[in-house]
Amino acid sequence: MKHSSYEKDGEMGGGGMMGGCYTYPASPATPGKVTPDAFFDRGVYMDGSMKMDDGKSVRIWGFYDRAAGGGMGSKPFPSPAIRVTEGQIVHTRLVMDMMMLHTIHHHGIEPSWQNDGVGHVSWDVDRQYTYQWRASQAGTYFYHCHTNTVLHAEMGMYGGLIVDPRPDPNDPPGTKRVFAGGPAYDLETVWAADEIDPRWHTLGADAGTCGADVGLNDLNPKYFIITGVDGAKSALTAPGIAVQMNRGQTLLARYINAGYYPQRIRFGGLTATVVASDGRPLPRAFQAQSLEASSAERYDCLFTPTQAGVFDVTVEVLHWVTGKVLGTARTRVTVY
Ligand SMILES: [Cu+2]
């Protein structure tokens, strides 16, 4: 049975080659649309791939930036970050170049239900839709597809979403703060840790939506990655993930559990000052040598190392029932 929450003039509801059962297609005009302060234009690719350290590749789906050129030939993983300033009204337009159904859910942002991008609450986008939302709180978020979510998020349909505070007029120009009135930082990295079960990456977009058991309750990860790079080896040196810094500098690591299993991140001997979580400042910052995070949790961690050294940061992926370590991803902070 197909559901359609909005009928489109002159078009069949439920168009599209994705013949899933629990899909809710229609792409109405954005209600109450105003002129935005920031605009992002996203398309979808479903033929990307990620090469692992063992030489094998898995299929990746994701969003690309339609404004960046390269069209569908551009297949970044994770999807390109959305970065805005607190207070801005933002438009994220999702345009489908193919007859498929997807959404964009800006995780942790609190827009109207029409703009929340949860397919079964509003609609799946089969042509285009412009999500309108306000960046009301500085912090670390992410966005992901919310159509047949368990599969589409696993396939790679996610990217970072960062809200910066408004610049403080009393700060020297170029000062970067985690949130308004919060601590300043010099460098930044995003550690989005995720696990990959290659079997899932062979499934079709609508797999499991018609009631068939395609094993989406059975996640057996083989690869453990950080921000789209294999954490077996490559993430130890990958630019933008591994960090090189000087003593006295302050690093902001935006750690995101982008997987489904709980994770334990260990900072390799460095001490983090954890100042915010899930897009909100903590009432009191705390210090930690390691953290545990469940699916979709984010922690903003500051490091101001006083000693030179090489610090291997590890993310252990834990079985959700037994707590057994299923695998480990690694990256590195080198302090000079
Ligand atoms: Cu999708």
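In strand S2 of this predicted model, Ile60 is the bridge partner of Gly48. This pair belongs to a set of eight bridges that join strand S1 to S2 (residues 57-65), and the two strands run antiparallel. S1 and S2 form a hairpin in which five residues lie between the strands. Within that turn, Gly55 adopts a positive phi of about 90°.

Strand S1 also pairs with strand S4 (residues 89-95), here in the parallel sense and over five bridges. S1 itself, spanning residues 38-51, is mostly covered, for ten of its 14 residues are buried.

In soluble globular proteins, nonpolar side chains tend to be buried together. The largest nonpolar core of this model comprises 73 residues. Those that touch the most other members are Val84, Trp133, Trp191, Phe267, Cys301, Phe303 and Val333. The surroundings of Val333 can be listed in detail: when residues up to four places away in sequence are not counted, Val333 touches Trp191, Val243, Met245, Leu251, Leu270, Gly309, Val310, Phe311 and Val313. Another core, of 16 residues, lies apart from the largest one, and its members include Met52, Ala192, Ile196 and Ile256.

A further buried position is found in a loop. Gly231 lies between strand S13 (229-230) and strand S14 (243-245). Is Gly231 buried or exposed? Its relative accessible area is 0%, which is under the 20% limit, and Gly231 is therefore buried. Leaving aside neighbours within four places in sequence, Gly231 is in contact with Phe224, Ile225 and Ile226, and also with Thr328, Ala329 and Arg330. By contrast, Ala180 is 51 residues from Gly231 along the chain, and the C-alpha atoms of the two are separated by 33 Å.

How many cavities of 30 Å³ or more does a search of the whole structure find? The search finds one. The largest cavity holds about 40 Å³ of space. Its lining is made up of Gly108, Ile109, Glu110, Arg134, Ala135, Ser136, Gln137, Tyr141 and Arg280. Sorted by class, this lining has three nonpolar, three polar and three charged residues. Glu110, Arg134 and Arg280 are the charged residues, because Glu and Arg count as charged.

Methods: Residues numbered from 1 in each chain as written. Predicted model: local features only at pLDDT ≥ 70, side-chain atom pairs only at ≥ 80, totals over all residues. Heavy atoms only, no water. Core = buried A, V, L, I, M, F, W, Y, C linked by side-chain atoms within 4.5 Å. Buried < 20%, exposed > 50% of the residue type's maximum accessible area, 1.4 Å probe, protein only. Contact = heavy atoms within 4.5 Å. 1 Å grid on protein atoms, 1.4 Å probe; cavity = no way out; pocket = protein on both sides within 12 Å on 5 of 7 lines; lining within 4 Å. Points joined across faces, edges and corners; volume = space filled by probe spheres on them. Helix = DSSP H or I, 4+ residues; strand = E, 2+ residues; numbered from the N terminus. Pairing = 2+ DSSP bridges.
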